[in-house]
Amino acid sequence: MELAMLAFERPAIDWHAFAPELVLLAVGSILTLIDIVYNERARRVMPALAAVGLLATLVPVLTLAVDGADRSMFDGAFVVDDMALTLKALFLISGFVVVLLSVDYIRDGDYHENEYYSLLLASLLGMVLIASSRDLITMFIALELLSIPAYMLAAWRKGGATSNEAGLKYYLMGVFASAIMLYGMSLIFGVSGSTQFDAIRVALDTGGDSAPMVTLGILFVLVGFGFKVSAVPFHTWAPDVYEGSPTPITAFLAVAAKAAGFVALLQLVFVAFSGRYDVVEPFFWIMAALTMTVGNLMALRQTNIVRMLAYSGVAQGGFMLAPFAVAGQATDSAIQAIVTYLIIYAFMNLGAFAVVLAVAKKTRSGEISSYAGLFSYAPGLAVAMTVFMAALAGIPPAGGWVAKLLVWRALLDASSVQGTVLAVVVAFNAVLAFSYYAKVLREMWMSDAPDGDTSPVSVSGTLTLALGLTVLATLAFGVFPQLAARFGDFSASFAL
Amino acid sequence: MLENAYLIPLLPALSFVFILLFGKRFKGGDAVHWIGIGVVGVVWVLSLVLGAQWIDRSEDALSGGGSSYEESLVVVVGSSGTGAGVLLGTEAGEGAPAPIAEPVISQITWFQSGGVEHSVGTYVDGLAALLLVVVSTVSLLVHIYSTEYVRGDVRYVHYYAFLSLFTASMLFFVLSSSILQMIVGWELVGLCSFALIGHWWEDSANSSAALKAFLTNRVGDIGLLVGMIILFFGAGTFDIFQINDMVARGEISHLVLLMASLSLIAAVMSKSGQFPLHTWLPDAMAGPTPVSALIHAATMVVAGVYMIARLYPVFYEGFAINTSSINLLSFIGGFTALMAAGLAFFQWDIKKVLAYSTVSQLGYMVMALGVGAWTAAVFHLFTHALFKACLFLGAGSVSHASHHTFDMRKMGGLKKHMPVTFWTFAIASLALAGIFPLAGFWSKDEILIGAWTGQQSGYPLMLFFGAAVAALTAAYMTRVIYYTFFGEYRGHGTPHESPKAITVPLVILAGGAVLGGLANLPSPAADAIGLGGIAHRIETYAEPVNFLAPLGLTVAAPSLAMALIGLGLALSGIGVTYLYFWKGMGPQGLSERNKYARAGRTFFENKYYLDYLYNDIIVASIKWPIAKATYWFNQNVIDKVVDSVGEGARDGGQFVYRYIDQAVVDGTVNATGTAANASGESLRVIQSGKVQDYGALLFGAVGVLAIIFVIVI
Amino acid sequence: MLVNQFLLLSAFLFCTGVYGVLARRNAVMVLMSIELMLNAVNINLLTFGVLHGTVSGQVFALFIIAVAAAEVAVGLAIVLLIYRNRSNIDVDDLDLMKG
Amino acid sequence: MQATGFDAWAVSLVVFLPLLGALVMLAVPSKEEETHKLIALVSSLGALAAGIYILVQFDYDNTSELQFLVDKSWIDVINSRFIVGVDGLSLPMLILSLVVVPLCIVYSWQHIPEPGNPKAFLMLILVLATGMNGTFVSHDLILFFVFFEIVLLPMYFMIGVWGGPERKYASLKFFLFTLFGSALMILSFLALFFVAEDPSGTALNTFDMRALSQWAGAGLSLTTAVVIFGGMFMGFGIKVPMFPFHTWLPDAHTQAPTVGSVILAAVLLKLGTYGFIRIALPILPRAAEQWAPWIGLLAVIGIIYGALGCLAQTDMKRLIAFSSVAHMGYVMLGISTLTTLGINAAVFGMVAHGLITGILFFVAGSVKERYHTLEIARLGGLLKAAPRMGWILGFATMASLGLPGLAGFWGEFPAILAAYQPAPALSEELFRVYMVIAALGTVLAAGYLLWLYQRTAFGEPTEEFADLEIADVNQYEWLAWTPFLLAILAFGVYPNLIFSLTDDTVGNIVSAFGG
């Protein structure tokens with residue numbers, strides 16, 4: 001090895017491109033500092049600071065979006081383009097909503113409040129970063145950055161046995177999956193000699209000799225992220241962790257963390273592995289079909305709402321995985337479908353968790369049966385929940401239908417038999433899914449309140465804000481789908 | 001009036017709506033009949049005006065003033081080569097062209113499809129005019145009669161409303177200019193029939209009879225629908241005139257016409273009570289008697305006959321009436337006539353006797369149409385309406401007088417109590433029996449001649465049917481008169497003559513029964529009484545020669561011999577029965593009970609012995625085994641079939657619902673749900689809660705995938 | 001360069017690690033097994049880095065080492081937490097939530 | 001040609017006014033029940049007024065042309081547009097829907113079913129109205145789909161919340177069935193988007209029904225077309241519902257509150273048949289020819305099967321529900337003939353069935369309210385207890401069994417007639433067999449309806465209810481019912497009211513079948 005190679009040259013840094021991460025980092029650091037300095041006295045301001053920080057982070061994202069130019073740093077390891085910005089914004093807004101959800105929950109429970117928000121921001125930083133990463137190392141760092149705080153957050157209810165269990169399960173499975181993923185990355189690095197996606201793509205395109213190794217590498221990497229997005233059979237952690245974690249964290253995991261996994265998959269599949277669609281497409285076909293079917297079937301039997309939402313999340317993940325199965329045949333529609341789905345999914349699922357939080361405050365229960373008669377004493381919450389359930393089930397005019405429509409469109413755009421068959425599988429699953437969403441609706445609307453207890457539910461201001469935001473977004477996406485769909489239209493980004 | 005004939009059905013329709021909506025406001029409904037009577041009166045006048053105008057038009061045509069068709073100029077003369085008997089005279093207009101006035105058709109678009117407009121409108125010709133007069137006349141009389149008969153009924157208003165609706169529907173049907181319109185009218189009269197049979201629906205027997213009537217008719221209506229559909233596609237139009245015209249021109253294939261006629265005859269069977277769909281008609285007597293008179297004797301039940309007459313070219317060509325010596329139409333008609341006449345003997349209910357008699361007479365008309373005696377059939381329709389309405393109303397009057405019973409065993413001796421009723425009833429009976437010179441004589445005679453002469457050759461079987469029926473008719477009517485008016489009164493209370501509202505219609509109708517024959521007197525007879533000018537009026541004004549002549553229809557000439565035979569048969573029927581009842585002379589084939597028969601006179605006063613006697617004679621004698629068998633067949637087979645078809649359908653429904661719909665179809669649906677739940681349940685096994693199991697699953701899946709992707713693919 | 005030996009070693013280590021993760025009851029042992037897997041990855045990366053003559057492999061490995069340290073810290077913290085609550089760190093006993 | 005001025009807003013008003021009403025109601029506290037009723041009525045009447053404006057301004061000489069057309073961008077990324085307009089085919093269905101809704105609201109004035117809450121109930125009706133109206137006017141497949149689906153949830157809740165004892169099961173069944181069909185339907189729509197191409201071979205990539213009808217499957221392989229048609233068949237067929245997908249219907253109807261049943265029968269079922277005529281037939285005529293014999297077969301099975309099902313029923317409402325299966329069988333038979341007459345008859349049948357079954361359900365609802373049961377065996381003597389209601393029931397049963405002079409006949413008879421001579425591509429013999437079976441069905445129809453009438457209306461009231469004071473038709477009921485009764489009569493007497501509207505549009509559709 002020559003010394004010249006090792007000579008360090010400071011790479012050019014585009015501070016503007018890096019601004020969102022920097023702002024977020026700064027806010028996170030400030031929060032930590034405040035915690036150290038003021039300790040418990042800072043409790044009141046922490047959530048507000050975190051929320052403001054997230055909104056502040058949105059500012060550079062917006063300026064970058066207005067600027068419009070694609071930016072690339074570190075030899076293409078860090079890229080800022082439309083899609084990256086869109087996803088960053090999505091993460092930030094999800095984070096914002098999660099903060100809104102957390103305020104009361106964390107304050108009222110037996111929790112360390114200050115660290116909570118710092119960790120949340122740290123995790124979000126990982127997500128924001130992952131949206132821009134076009135390099136195995138960057139991606140790994142970002143992934144771990146978002147995961148490690150999440151492990152802790154899952155176990156945040158320190159005295160609760162279930163929370164502990166959730167934390168450990170999440171941690172062990174996460175690390176195990178990371179290890180497998182890393183092993184796959186090492187193989188890919190071995191074949192391509194580079195950690196950068198563009199180089200990997202070129203190398204995989206031409207590297208015919210070591211096909212089994214490439215295949216194995218790709219598989220391992222995809223499995224690693226399959227774990228993150230809780231694809232069947234790598235989903236098993238999800239229900240337990242969701243159930244055990246503090247509910248706002250569950251929402252965070254179900255939405256932001258899952259979205260991060262998808263974002264990574266997007267980069268990997270459409271950039272790094274785009275030469276090996278022969279492996280990627282069947283892999284995702286199987287994953288998608290399994291994920292949605294198993295997720296739905298298991299969700300049918302659930303009696304706990306969080307657990308049901310966990311399985312529903314698994315199934316929804318299956319729908320989002322489906323377009324990957326035609327990644328090569330209908331690239332543009334597939335990307336569009338996935339990104340749009342992510343956006344809409346974030347709002348409808350966060351909204352659902354917001355209702356769960358609000359209701360749990362009164363009923364102190366996670367059982368679906370505790371929703372009985374909700375409509376009679378909290379019609380607003382019931383209607384909001386109805387909107388979210390309808391959205392998740394894909395019933396117009398709530399937003400979810402657009403997401404499903406785009407998935408179907410991508411699958412059919414491929415005009416292949418596999419695509420069409422998967423579309424039909426999606427159709428069957430969409431119907432299946434409604435039966436358990438309907439269970440919630442049924443309890444809320446058609447059953448009587450348990451013990452005739454119809455005292456109203458008090459919903460705090462932050463929760464109301466979160467609910468309002470998500471309901472509005474969910475409905476708006478459903479009525480004016482263009483709102484969401486145009487953010488998924490990145491035909492230019494991947495014109496490789 | 002010819003162009004504005006739509007007013008005729010429209011007025012009673014409006015009166016229906018009016019009565020229905022506002023009837024109760026008229027002194028609590030009691031005076032509502034004045035609306036009905038008034039409107040029908042107007043309609044009656046309009047009908048007469050229309051008839052007169054039509055006659056004018058026809059006369060114009062006859063004198064060459066009217067436009068006419070090429071075809072109608074063909075001379076129609078009774079064929080003398082039939083060898084069926086001595087021709088006593090010839091056709092009216094013999095040797096001269098017999099132009100027929102063009103029907104007056106006024107139409108508007110009813111609906112359009114595929115750019116083709118289908119019309120609704122009125123079709124006025126002699127046939128329609130005749131029926132208008134008949135319907136409005138009988139309807140008017142029934143309206144008047146009902147003021148007394150139905151007085152105080154709980155649903156007086158509704159009763160009059162439906163009378164109006166029926167009148168409207170029937171007139172609408174009669175004036176139909178398209179076959180589709182005929183279907184509409186056909187069903188509407190069926191509805192009114194249903195509603196009026198079930199007038200006293202508190203009693204489930206009545207509502208069941210109503211249902212039976214409607215459903216039996218619906219069965220026949222399948223034939224109507226299918227037949228009309230075939231005709232529509234054969235001719236490409238619903239228009240009656242065009243259809244007839246096309247048939248006359250030979251533009252529709254024989255096969256199509258045959259299929260259409262075969263289908264339509266099913267409708268005739270149900271509506272006009274022909275074998276084997278006649279069973280509803282006797283049951284329909286559950287309705288109020290005036291209704292029976294109007295609907296189930298004079299008008300509605302002749303709808304089938306009217307339809308055949310209206311679409312005669314279709315049937316004529318379809319059944320090849322001009323070539324074959326026997327066809328379905330004539331056979332069904334003849335057989336029904338005979339069968340029903342036999343059944344009439346077994347009834348104790350006076351209305352049922354009349355009902356079977358109606359079935360029998362309708363069979364007569366159908367038979368007449370089947371042998372090509374168009375005019376005879378229409379003529380008989382006309383006369384029958386008059387005397388049968390009179391009989392029914394008479395029966396009503398009798399019942400009105402004797403505690404609302406129709407059981408003849410509870411009557412008797414009413415002659416002295418209600419002379420007007422008796423005499424009108426007797427006259428109508430004689431007319432029905434075909435006694436010279438009453439109306440029935442002339443029309444029946446023409447039918448017999450038609451059967452005798454036939455088209456290319458005579459119809460001996462039909463002649464036999466006709467002759468037998470003539471005798472039987474006379475016999476059973478004599479029986480009715482005996483039980484009702486002679487002997488001692490066997491009911492409760494003191495019978496009394498009915499009030500004017502009832503007797504006046506009776507008298508009018510009896511007058512019709514006497515004079516009805518004038519409508520189509522054979523020219524020899526007309527000449528004999530110096531009225532040569534009015535001979536063959538129906539034939540002249542109504543027969544659609546323009547359609548029929550091209551097809552080769554021949555009209556039989558009057559025959560004195562036939563007239564005498566017919567009269568003889570009727571008289572013998574009366575005579576034999578007279579001997580049974582008045583003179584106690586029965587067939588002496590019976591053993592010990594003969595002494596009752598001989599000594600009958602003394603026992604006639606005793607209801608019990610009377611029944612006994614009559615029953616024994618009938619039951620034990622060998623004279624009526626066929627009738628007996630027929631009756632058994634009628635009650636136990638045909639009627640049972642009708643009933644059991646209904647029950648069968650219901651059982652079938654139960655079966656399909658329980659074992660197919662709920663078990664199989666719905667079962668599959670529910671099973672899908674259960675299966676989904678079950679698989680969800682079984683999948684829970686993988687969610688053991690143990691993190692190492694999860695890890696194993698994760699890594700195992702990786703291994704399997706690796707094997708698949710690296711080795712297999 | 002003898003690439004294969006290193007790769008085989010790495011694969012062996014990785015498999016050992018997997019076995020440990022799946023088979024050991026003790027949470028700490030599981031954590032250590034995961035470390036084994038990560039180190040297998042590191043060996044791979046170093047080998048390939050040298051093979052391709054780039055430092056990326058080593059950089060990657062360094063990052064992994066660093067991250068692994070953080071991970072283990074968190075992991076041990078969670079294990080401690082559980083130990084505090086249950087006096088037991090048998091992962092097999094953690095099945096409160098299932099189905 | 002796009003409409004201008006107020007015309008450009010007319011259709012949108014028709015569709016969205018009820019929704020607006022629902023939003024306003026959202027802001028009003030639920031205690032002010034009268035205000036809610038008023039808002040609901042006013043907004044539905046507003047939509048009706050806009051509908052009447054359309055009716056008046058409609059150019060009756062160009063019924064096949066899309067009028068009041070609005071074509072705006074909507075979802076650009078998939079090239080789906082907001083295209084709404086009215087032609088001779090939409091108009092009758094639209095007006096039907098517009099009329100039914102305010103009448104239902106009037107009926108609800110005093111008949112809010114258990115457990116009350118008029119605010120929610122009426123809001124659901126208004127949302128339903130938006131969905132139904134929208135479906136009939138949209139000319140973009142995605143837009144159509146959205147409206148088609150919007151009706152699901154409100155109906156689900158209407159059945160599930162205000163329904164009978166088995167309401168939960170029934171509502172879910174209704175929902176899952178329909179959802180299943182529409183999921184496959186939307187797949188077909190998307191497939192059309194990709195397979196349609198103009199003669200030069202460039203993809204159309206459009207959801208515009210007009211463009212797709214123009215294309216009419218040209219150059220598409222028959223197998224593909226048949227499969228795509230199959231998807232739509234499932235979507236529409238389940239909604240109709242055709243045998244064997246009908247089982248949701250009796251349950252849904254039986255359990256639904258009266259108004260729900262009425263809307264379901266009067267309008268919702270028509271969405272399916274409308275879809276066949278509007279979308280499936282014109283866009284894929286060749287596939288339609290392949291499917292038609294099977295549709296016809298299922299239709300006649302439905303006719304007989306529905307009738308047999310009726311004969312087995314002991315519950316009045318369930319009987320009426322089953323009769324829908326039979327009646328919609330006639331509609332589908334008409335459609336399957338692929339002839340002008342058949343499809344005209346189908347449209348007529350849709351309107352007629354909507355009116356007739358609607359009024360039947362109304363009466364059934366009122367009977368239930370008075371007797372607290374619909375067990376046929378326990379009823380009886382309705383004519384005695386409440387003569388006016390008995391009369392209306394009689395009128396409706398007569399109309400339902402296809403009595404000429406009333407609307408039912410014109411849906412039934414021409415459909416049977418058309419089966420005698422189906423489109424040239426279809427087997428004449430086969431359809432003649434269908435014709436005879438369908439004609440047989442009319443007898444069964446008369447059977448079960450009269451049987452129903454005999455046992456409920458005739459006779460003396462049963463002992464159980466002999467002393468019960470049964471109120472006759474009240475003024476709200478009169479208000480709600482009279483238009484139904486008048487319309488049934490008017491359409492029956494002068495069928496050209498509808499035939500003349502639909503004929504040209506249907507003619508255009510049928511021209512693809514050479515009939």
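A residue counts as buried here if 20 or more other C-beta atoms lie within 10 Å of its own. Keep that cut-off in mind. This is a predicted model.

Chain D, then. Buried residues make up 71% of its 515 residues. Chain D has 21 helices and two strands. Its radius of gyration is 22 Å, close to the 24 Å from the globule rule for 515 residues, so chain D is as compact as a globular protein of that length. The C-alpha trace of chain D spans about 80 × 60 × 40 Å along its principal axes. Now its contacts with a separation of 6 or more: 79% of them in chain D come from residues 24 or more positions apart.

On to chain B. Here we have 713 residues, and 59% of them are buried. There are 29 helices and two strands in chain B. Again take contacts with a separation of 6 or more: in chain B, residues 24 or more positions apart account for 80%.

Domain 1 covers 1–66 + 101–177, and domain 2 covers 178–318. Domain 3 is also in two segments, 326–543 + 554–583. Then come domain 4 (584–623), domain 5 (624–675) and domain 6 (684–713). Between the C-alpha centres of domain 2 and domain 5 of chain B there are 26 Å.

Now the strands of chain B. β1(B) and β2(B) run antiparallel, joined by nine bridges. One pair to look at: B:I105 has B:Y123 as its bridge partner in β2(B). The hairpin has two residues between the strands, and B:G114 takes a positive phi near 60° there.

Last, some backbone details. Two cis peptide bonds are on my list. In chain A, the bond from A:V232 to A:P233 is cis, with omega near 5°. A:P233 sits in the loop between α9 and α10 of chain A. In chain D, the bond from D:F243 to D:P244 is cis, with omega near 0°. D:P244 is in the loop between α9 and α10 of chain D.

Then positive phi outside glycine. A:R364 has a phi of about 55°. A:R364 lies in the loop between α14 and α15 of chain A. Is A:R364 buried or exposed? Exposed, because 8 other C-beta atoms lie within 10 Å. D:N205 has a positive phi near 45°. Its place is the loop between α7 and α8 of chain D. D:N205 is partly exposed, because it has 13 other C-beta atoms within 10 Å.

Technical notes: Residues numbered from 1 in each chain as written. Chains lettered and ligands numbered in written order. Predicted model: local features only at pLDDT ≥ 70, side-chain atom pairs only at ≥ 80, totals over all residues. Domains from an automatic or database assignment. Helix = DSSP H or I, 4+ residues; strand = E, 2+ residues; numbered from the N terminus. Rg over C-alpha atoms; globule rule 2.2 N^0.38 Å. Buried ≥ 20, exposed ≤ 12 C-beta atoms within 10 Å, placed from the backbone. Contact = placed C-beta atoms within 7 Å. Pairing = 2+ DSSP bridges.
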